[in-house]
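Let's take a walk through this structure together.

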Amino acid sequence: MAVKKQINASMDKFIDKGAAVKASKEKEFRNVLVRIPADILDELDAYLILNKPWVNRTQWIVEMIHEGLKRNIP
């Protein structure tokens with residue numbers, strides 16, 4: 001009996017401890033919907049395939065936004 005109570009107590013303690021709720025954590029990213037003409041995306045994909053095949057489209061767009069901000073913000 002004592003072993004069973006001890007296991008239950010430790011399990012209850014573990015369960016009650018819980019984990020941080022995902023929704024309560026501050027997110028590092030936010031989703032943004034951007035409409036880009038298909039011909040521009042086709043050009044971008046061709047450029048990335050030829051010049052930077054290791055970079056995906058989203059990474060490239062974020063890099064370009066970051067570079068533009070660095071250039072234009074004093």
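On H2, the face turned away from the buried side carries Asp42, Glu43, Ile49 and Leu50, which are exposed (over 50% relative accessible area, against under 20% for buried and partly exposed in between, with a 1.4 Å probe and protein chains only). This is a predicted model, in which local features need pLDDT of at least 70, side-chain atom pairs count only at pLDDT 80 or more, and totals for chains, interfaces and linings use all residues. Residues are numbered from 1 along each chain as its sequence is written, and side-chain values use heavy atoms, with hydrogens and water left out.

Now look at the buried side of H2, where you will find Leu41, Leu44 and Leu48. They cover an arc of only 60 degrees around the axis (taken from the directions from the helix axis to the C-beta atoms), which puts them on the same side of H2. The buried residues of H2 pack against helix H3 (57–72), where contact means heavy atoms within 4.5 Å.

How far apart are the end C-alpha atoms of H2? They are 20 Å apart, which agrees with the 20 Å that the 14 residues of H2 (residues 38–51) should span at 1.5 Å a residue; the expected span is 1.5 Å times one less than the number of residues.

Stepping back, the protein has 3 helices and 0 strands, read as DSSP runs numbered from the N terminus (helices H or I, at least four residues; strands E, at least two). From the N terminus on, the elements run α-α-α. Of the 74 residues of the protein, 8% count as buried.
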